[in-house]
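Q: I would like to learn how to read a protein model feature by feature. Where should we begin?

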Amino acid sequence: MSIANPKDQSVDKPDNVDTNEIDKFSEIASRWWDTESEFKPLHDINPLRLHYINQHAPLEGKRVLDVGCGGGILSESMAQLNANVTGIDLSAPAIEVATLHAMEAGVENLQYKCCSTEEFAAEHAGSFDIVTCMEMLEHVPEPEDIVQACQTLLKPGGAAFFSTLNRNGKSWLMAIVGAEYLLNLIPRGTHDWDRFIKPSELASWCRQCDLQTENITGLHYQPLSKTYSTGPNTDVNYMMFLTNNA
């Protein structure tokens, strides 16, 4: 397992970053792997994310990049399906937590780096079979630049996976009012509704950089059973699978 010590890494802040967002997640980084913490929803939806990715682009033996990996929940689960995974994030505390957890779990085919997506793309263009970027686009000022960087990192014919939140009245009611204020599923202030992304917007950015949309599915929460499922409705949370035609 090759992992650089995040404490030894000097990270120049790129233009496409909201330092408040980085600080917000860094402050709670120690709780990434607590399944009853603020990150419980990520733990709960991770099996669905993992299945969606593996269904459309089988992970075994593939070289995979997880953009905005945080504490490594998705990265580690993909590595456990025998993918060779690299996770990147701008939060050094999150990278440190991810590193320690992977070491404790004995996951060998996994490495982490604290850097920006654009910086990493400049050094590793065309290197990956699969790039994932889940629940991250809505936290950056210029999400279309992240999409472009993800395409740059892919091999020809490679697969990209994005997940984010739709921007409409229903998503404001359910993802902001419901999830943050009524159900307390996530901390208040986690999301900014103005940064939510319509599927048509994301698909347009992808077309501009030769990523072709192959599939889109919604991610749904059932408050009574407290369970998650996938389905055709993309009004709130959604995942998108694309292939690189460049």
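Q: Which residues have the most contacts inside the largest nonpolar core, and how many residues does that core have?
A: In soluble globular proteins, nonpolar side chains tend to be buried together. The model here is predicted. Its largest nonpolar core has 29 residues, and those with the most contacts inside it are Val-67, Val-147, Phe-162, Leu-202 and Leu-211. Two or more residues each come from β1 (63-67), α5 (117-123), β4 (128-134), α6 (143-153), β5, α8 and β8. Of these, α6 gives the most, with 5 residues. Another core, of 25 residues, lies apart from it, and includes Leu-59, Leu-74, Ala-83 and Ile-130.

Q: What does Val-67 touch, leaving aside residues up to four places away in sequence?
A: With those left out, Val-67 is in contact with Ile-88, Thr-117, Val-131, Thr-132, Cys-133, Met-134, Met-136, Ile-146 and Cys-150.

Q: How many aromatic pairs are there in the whole structure?
A: A pair of aromatic rings is described by the distance of the centres and the angle of the planes. A search of the whole structure gives 5 such pairs. In one of them, Phe-161 and Phe-241 have ring centres 5.0 Å apart and planes at 15°, so this pair is stacked. Phe-161 belongs to strand β5 (residues 154-165) and Phe-241 to strand β8 (residues 237-244), so the pair ties together parts that are 80 residues apart in sequence.

Q: Are Phe-161 and Phe-241 buried or exposed?
A: The cut-off for buried is under 20% relative accessible area. Phe-161 has 0% relative accessibility and therefore counts as buried. Phe-241, with a relative accessible area of 8%, is buried too.

Q: What is the geometry of the pair formed by Tyr-221 and Tyr-228?
A: That aromatic pair is tilted, with 4.7 Å from centre to centre and 45° between the planes. Tyr-221 is partly exposed, because its relative accessible area is 21%.

Q: Which residues do ring pairs link into a cluster?
A: The cluster consists of Tyr-52, Phe-161 and Phe-241. A ring can also have a charge placed over it: the charged end of Arg-63 sits over the ring of Phe-128, 4.6 Å from the ring centre.

Q: How many salt bridges does the structure hold?
A: Side chains of opposite charge can pair when their charged atoms come close. There are 9 salt bridges in this structure. One of them joins Arg-195 to Asp-18, with the closest N and O atoms 3.0 Å apart. This pair links distant parts of the chain, 177 residues apart: Arg-195 is in the loop between α7 (169-182) and α8 (199-208), and Asp-18 is in the segment before α1 (19-27). Arg-195 is partly exposed at 24% relative accessible area, whereas Asp-18 counts as buried at 18%.

Q: What separates Lys-40 and Asp-44 along helix α2?
A: The two residues form a salt bridge whose closest N and O atoms are 3.3 Å apart. They are 4 residues apart in helix α2 (residues 40-56), which means a separation of about one helical turn. Lys-40 is partly exposed, with a relative accessible area of 31%, and Asp-44 counts as partly exposed at 31% relative accessibility.

Q: Where does the salt bridge of Arg-31 find its partner, and what is the N to O distance?
A: The partner is Glu-38, and the N to O distance is 2.6 Å. Arg-31 counts as partly exposed at 30% relative accessibility, and Glu-38 is partly exposed with a relative accessible area of 23%.

Q: Why does the distance between the ends of helix α4 agree with its number of residues?
A: The expected span uses 1.5 Å times one less than the number of residues. Helix α4 (residues 92-105) has 14 residues and should therefore span 20 Å; its end C-alpha atoms are 20 Å apart, in agreement.

Q: Which residues of α4 are buried, and what do they pack against?
A: Ala-94, Ile-95, Val-97, Ala-98, Thr-99 and Ala-102 are buried in α4. The buried residues of this helix pack against α3 (73-79), β2 (84-89) and β3 (110-114). After α4 comes Gly-106, with a positive phi near 70°.

Q: Where is Thr-234 placed, and is it buried or exposed?
A: Thr-234 is in the loop between β7 (227-231) and β8. Its relative accessible area is 18%, so Thr-234 is buried. Not counting residues up to four places away in sequence, Thr-234 touches Asn-166, Pro-199, Ile-216, Thr-217 and Gly-218.

Technical notes. Residues numbered from 1 in each chain as written. Heavy atoms only, no water. Buried < 20%, exposed > 50% of the residue type's maximum accessible area, 1.4 Å probe, protein only. Contact = heavy atoms within 4.5 Å. Phe/Tyr/Trp six-rings, centres within 6.5 Å; stacked < 30°, edge-to-face > 60°. Lys NZ or Arg CZ within 6 Å of the ring centre and 35° of its normal. Salt bridge = Lys/Arg side-chain N within 4 Å of Asp/Glu carboxyl O. Core = buried A, V, L, I, M, F, W, Y, C linked by side-chain atoms within 4.5 Å.
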